[in-house]
Each structure stands twice: as structure tokens, then as C-alpha cells.
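Let's take a look at a protein chain together. Have the picture open while you read.

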Amino acid sequence: FAMIQRQSFIGALAGSGTAIFMASRHFSFYSLAWGQFVQMAMVLLPRTAARPSAVFCPPVFSGLRNIFHFGIFTTLNAAIGQISTQSITAILGRMLGFGSLGLYDRSQSMSNYVSSGLTFPVMQVVYVGFVRVKDKPVELGQLFLTTMENLTVLLWPAYALMGFLAPQLFY
């Protein structure tokens, strides 16, 4: 787990560095595309080198029902959230222009960085716990409530800090 987090962190640094360097050389939006490419390469190459036997994964269709049953709600929720977010962005851009759209998009991105950056690492561990207790409703409920309580303790101060710094960040 620590090695995966380290590889992700190194990939993020390499991708960000590439994007910033290329943007400073006036490559415009290409800098973001190359930054993402470098980030993915810096994550995938070490993982491939660490475990080359896991690179080729033949498709196995047994057990798909259980996978869809466990993950369909989360997948649909994420898809609907993306449609909602992108629809708002399109409407704002159409009605208010690029200046307002840029300000909205920057604030939305900052908000997503806080929630994703704090919840993603935690949820990678919590999902393992959910799978272990999925057949025990009482324990699953307790784990879910404990997880929500702990995430609230992390996220409220982060969002409060964003609210406090909003004038300096966005104006």
C-alpha cells in the first residue's frame, strides 16, 4: 500500500512538473495533456516493473454479477455526478461567458481536490473493510457510520479553510 501511494505521489509530481514546464514554454493546452501522459507513465511503468506477471490479465467473466451488484450504485452515482457537474459548466459558459466560467471552474476544481485528495486514500482502505463485512449488516452499518464521522472530521476543517481563503484564492 505504501509503495502504491509513493508511486502515485511521484507520478503526480512528474506530471505536474511536466505541465508547468511546458506551460512556461507556451505549449498552451498541450502542456496539460503531456502532464497527464507523463503522470500515467510514471505510475504504470514502476508498477509494471515491480510485478511484470500482472501486466497481462486475460478477461474472466465468472463473478461479474457479484461485481456489478457491489459496484453499480457507486458507478451510477459517479456518472450522474459528472453529468451534473459538466452540465452546470456548459450552462454557465453559455450564459455568462468564459470569464465567469473560468472562475467557477477554478473554484469547483479546488473543492474537488480537497474532497478527492482527502477521501481517496482513506476510501482505498475502507473499501477493503466493507468487503470483509458485507455479509454482516450490523458491522457494515457501524463501519459506514464510523467512516462518515471520520471523513466529516477531516473535510469540515478543510472546507472551512477554503472558505476563509476564498477571497485570496479566487480574486
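Here is a short tour, from the whole chain down to one residue.

This is a predicted model: local features need pLDDT of at least 70, side-chain atom pairs count only at pLDDT 80 or more, and totals for chains, interfaces and linings use all residues. Residues are numbered from 1 along each chain as its sequence is written, and side-chain values use heavy atoms, with hydrogens and water left out.

The chain has 5 helices and 0 strands, where helices (H or I, at least four residues) and strands (E, at least two) are DSSP runs numbered from the N terminus. With a radius of gyration of 20 Å, well over the 16 Å that the globule rule gives for 171 residues, the chain is more spread out than a compact globule. That radius is taken over C-alpha atoms, and the rule is 2.2 Å times the number of residues to the power 0.38.

Buried means under 20% relative accessible area, with a 1.4 Å probe and protein chains only.

Now zoom in on serine 31, which sits in helix H2 (residues 30–50). Is serine 31 buried or exposed? Serine 31 counts as buried because its relative accessibility is 3%. Leaving aside residues up to four places away in sequence, serine 31 touches Ala19, Met22 and Ala23; contact means heavy atoms within 4.5 Å. A polar atom of the serine 31 side chain also lies 2.6 Å from the backbone oxygen of serine 28.

Methods:
Buried means under 20% relative accessible area, exposed over 50%, partly exposed in between (1.4 Å probe, protein chains only). A polar contact is a pair of N or O atoms within 3.5 Å; within protein, one must be able to donate a hydrogen and the other to accept it, and residues adjacent in sequence count only if both atoms are side-chain atoms.
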